[in-house]
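Here is a short briefing to read alongside the model. Keep the viewer open and follow the topics in turn.

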Amino acid sequence: MSSDAVKKRKPKVIRSEGGTPEAKRGRGESDQEVRVYNEEVELEGRDPQQDYMLYKDTCAALAKLMAEIQELKAGGAKDGNVEIEERRRQSSVHFITLKKLNRLAHMRLKKGRDQTHEAKQRVDVLHLQLQNLLYEVMHLQKEIGKCLEFKSQHEEIELVSEEEFFQEAPAEISRPHVTRNDQHQLTLARLDWELEQRKRLAEQYKTSLASKEKIQRAIEQKREYLSSLQPGLQNIMQASLPVQEYLSMPFEHMQKQAEVARHLPPPLYVLLVQVGAYGQACDKNLSVSISGDVDEAKALSRPPDDSQDDESDSDAEEEQQNTKRRRATVGAQLDDKRKGMLRRHPLSLCVDLKCKDGSVLHLFFYYLMNLNILTVKTKVSTSADLSGAVSAGELLNTESLLNCLYASDHGKETPNPSNRYQFDKVGITTFADYVSDLGHPYVWVQKLGGLQFSSDGSQSGLRGSALSASHMERTIKLLRGRLQARLSLHKQFSSLEHSIIPVSSECQHLFPAKVISGLTRWTMMSHQEFTELGFVQHVLKAGLVHETDLFFMAVVERGTARLMAAVVLNPRYPDVSPLFSLSLLWKGERSGRSDDNLRAIESEVNVFRSELQGPRPGLQLLTNQIQRLCVCLDVYLETESQVCDGSEGPKEFPREKMCLRTARGPSRLKPFKYNHPQGFFSHR
């Protein structure tokens, strides 16, 4: 067939899947040789149910033909057999029918989807129009509400009543023929009348203000005249003052205090003079004042004579030999004698020691006349509320605040050895029973008052003011340091009770950036509770614990491991480091006596004070020790074998810390020393 014939036949073969039947008929009428087949047109005229039945019949016929072909082949017929070929042709026709039904099904599906999409689009358009209409309705409702709620400023103005308006307002403003029938015009007219009235009142105000200024100038002139008389009156008053006041001698308060100071006993007088001198010369935040009954002090000429003491002694011996029916009277007499012996001087001193943070340490000094000793009571005033920490209750306790300000100075017994014999005469067993009422007779208190006793162990030979001056500066520094240390501990305990270890920025380099073990509990213990702990017995036997110490329990946990630390806080903290005793509950119970590594952790916390002290005066020592304890527990657990039977498996405590060697020596000590800034742990 030539190429020209192909070109002529090509436009006559038209295959179309779309188009309208009218277009097809038009083409058919114009060219009778063109035949058009459109499945969409056929699809519109076909019944889906009939196609489904045709599909089932075709599948059944195809299955039947396949079965017959199988029977023929099983009977020995070959592939070229006429019957087999006939059935193959029939099967091919059925396959063509199935393909056509498949196309028609896909076309029906596409048509349904298109119709659904068009319907959805129409619904979306309608929904969008509905939303726009609803929005416009809401906007109009808001605008209507604003208009209804609109309040003009004239509503806040208190206008005169309508009756008064028509009576008082002139006709050109009131316009009754218009305003009586129109409420809007009435309101405008009333506002105009209000404006006219206010203008008139403003003019009256200006007139009154000018009159006021005129009167005020007259008053100022008279006041200047009176003030010019003041210098002359002051000169007259100064001429009548004593010579000391005219020469600018001490003020009246100081004069009164000096007059009262003459009635002070010698120890309190020495203390007054030395504290005042030290405050003026070295410490402006130190002040001293005298309190008490001056008239009673004047009535005291001197302490009781020795003869009176001898008579009281003989009376006491005679009363002890009396019969039982007079024992009640004897006891009452002994009580009176005890009160007389423990009698305080009516005057006392109050020394206020102020710190930079606004806290004040109040020291009240008393003199026991018959015992010839000084006692002191304390009180702390702070600018902030310190009632939050439960474990810090004993830190600012007035009974124990100044314990051991100097080493071994507990203030429970009198430092005067002669008092022992005086107590025996009146039946006083120990002075500690009266400390809460009379105050603590610390040795440093006696030295500040110039009192020196042979039992003090001092061989300086200084007495009076010289002895007081030699101890004044150091004692004041110790007192201020004690107050600052206790206030700092109070803040730290508040954080520790909430499981937060406060580490200052100056001490961050002492510890790694990531510390997993954490403090879970911080509580206070009594001395008896501390002595009942099994892992602190070696500390008790060594004599490192005293009743004046403060005792706490810290619990550090990580995973299933729980480390308990019994902490002994010396009153002289931070000069004396806190003492930690450890017990680990993990795979059994371990302590520093049974585990060399726990003993090494105790050494890290207790011994290396210089590394943990931080900036002077070392108020961060305790919190740094607790943080070091958490770091050491991490190293202990991460370097410990987690699988005891040698089997492989995940470890409870994965390795987080970098260690040069995990163990060293026969005791297999772990590396607890942290090296900054390298960030690794090594052995000491």
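**A buried strand and its neighbours**

Phe551 stands opposite Val568 in β9. This is a predicted model, in which local features need pLDDT of at least 70 and side-chain atom pairs count only at pLDDT 80 or more, while totals for chains, interfaces and linings use all residues. Residues are numbered from 1 along each chain as its sequence is written, and side-chain values use heavy atoms, with hydrogens and water left out.

- Helices (H or I, at least four residues) and strands (E, at least two) are DSSP runs, numbered from the N terminus, and two strands pair if DSSP finds at least two bridges between them.
- β8 and strand β9 (residues 561-569) are antiparallel partners joined by 9 bridges.
- Between β8 and β9 sits a 2-residue turn that makes them a hairpin, and Gly559 in that turn has a positive phi of about 65°.
- Strand β7 (residues 518-525) also runs antiparallel to β8, with 7 bridges; Thr523 has Met553 in β8 as its bridge partner.
- Strand β8 (residues 550-558) is largely enclosed by the rest of the structure, because 8 of its 9 residues are buried. Buried means under 20% relative accessible area, exposed over 50%, and partly exposed in between (1.4 Å probe, protein chains only).

- Strand β5 (residues 360-368) is joined to β6 by 9 bridges, and Phe364 faces Lys377 in β6.
- Another open sheet has 3 strands in the order β12-β14-β13, and its pairing is mixed. Here β12 (658-659) and β13 (673-675) are the edge strands, each pairing on one side only.
- β12 runs parallel to strand β14 (residues 680-682) over 2 bridges, with Met658 partnered by Phe680 in β14.

**Salt bridges**

- The structure holds 29 salt bridges, each defined as a side-chain nitrogen of Lys or Arg within 4 Å of a carboxyl oxygen of Asp or Glu.
- Arg87 pairs with Glu68, and their closest N and O atoms are 2.6 Å apart. Glu68 is partly exposed at 22% relative accessible area.
- Arg684 and Glu604 meet in a salt bridge at 2.5 Å, N to O. Arg684 lies in the segment after β14 and Glu604 in helix α23 (residues 596-606), so the pair ties together parts 80 residues apart in sequence. Arg684 is partly exposed at 37%, whereas Glu604 is buried at 4%.
- Glu42, Arg46, Asp51, Lys100 and Arg108 belong to one network of salt bridges that share partners.

**Cysteines**

- The structure holds 0 disulfides, a disulfide being a pair of cysteine sulfur atoms within 2.5 Å.
- Cys350 is buried at 11% relative accessibility, and Cys507 is buried at 0%.

**A nonpolar surface patch**

- Tyr225, Leu226, Leu229 and Leu233 form a nonpolar patch on the surface, with about 440 Å² of accessible area together. Accessible areas come from the Shrake-Rupley method with a 1.4 Å probe, and for residues only the protein chains shown count as cover.
- Patches are made of residues with over 30% relative accessible area and no salt bridge; like charges are joined within 9 Å, nonpolar side chains (Val, Leu, Ile, Met, Phe, Trp, Tyr) within 5 Å.
- Tyr225 lies in helix α9 (residues 183-227) and is exposed, with a relative accessible area of 56%.
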